[in-house]
Amino acid sequence: MSHLKALKLANAEPARPSSDPVERARETVIAALSEQKAMAEAKISGTEYIAVHIVTRKDAAGNRVRVEAKKRLRPGWFTDKTGKTFFALRYAGKAIEFAKDKNAVEIGEFGALPAVLDTLREATHAGELDQQLLAAMNARKATRRKAS
């Protein structure tokens, strides 16, 4: 009996990353919001959140090796002088305006932040922030072209 007959064979291709810049921006923002939520939940529970990513470094012998390194993350939340907590979403080096002259979401009590971050992730996934992300990308491109 052939071993291949025991397997389920198919004609398949791997999924390619999206070439749509707005879709890539959405994925980036959703990933950032997930990290912000993990940071907030760790702060609420009193633990430390350490994000890592893979980087290439040289070892003692001079060989290039891939190792995990601590990722530097900045919290997107802040408090004002009255003690209210706010969350500002940044993309392409710019704070995203959710509405005209509104660049932050008022959280109130810090414990409500993870739920607000979930709502922002759902809104991003639904495409509600596409215009703002596209505007931030275009502004970033314009400043990069001037510098070159």
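Trainee: Which helix is Asp130 found in?
Mentor: Keeping in mind that this is a predicted model, Asp130 is found in helix H3, which covers residues 130-147.
Trainee: And is Asp130 buried or exposed?
Mentor: Asp130 counts as buried, because its relative accessibility is 15% and the cut-off for buried is under 20%.
Trainee: What is Asp130 in contact with, leaving aside its neighbours within four places in sequence?
Mentor: With those neighbours set aside, Asp130 is in contact with Val22 and Arg26.
Trainee: Switching to H2, which of its residues are buried?
Mentor: The buried residues of H2 are Leu113, Pro114, Val116, Leu117, Leu120, Ala123 and Thr124, and what covers them includes H1 together with strands S3 (77-79), S4 (85-87) and S7 (105-108).
Trainee: What follows H2?
Mentor: H2 is followed by Gly127, whose phi is positive, near 90°.
Trainee: Now the surface: which residues form a nonpolar patch there?
Mentor: Leu4, Leu7 and Leu9 form a nonpolar patch on the surface, and together they have about 340 Å² of accessible area.
Trainee: Where does Leu7 lie, then, and why does Leu7 count as exposed?
Mentor: Leu7 lies in the segment before helix H1 (21-45), and Leu7 counts as exposed because its relative accessibility is 52%, where exposed means over 50%.

Conventions: Residues numbered from 1 in each chain as written. Predicted model: local features only at pLDDT ≥ 70, side-chain atom pairs only at ≥ 80, totals over all residues. Heavy atoms only, no water. Patch = residues over 30% accessible without salt bridge, like charges linked within 9 Å, V, L, I, M, F, W, Y side chains within 5 Å. Areas by Shrake-Rupley, 256 points an atom, 1.4 Å probe, with all protein chains shown as cover. Salt bridge = Lys/Arg side-chain N within 4 Å of Asp/Glu carboxyl O. Helix = DSSP H or I, 4+ residues; strand = E, 2+ residues; numbered from the N terminus. Buried < 20%, exposed > 50% of the residue type's maximum accessible area, 1.4 Å probe, protein only. Contact = heavy atoms within 4.5 Å.
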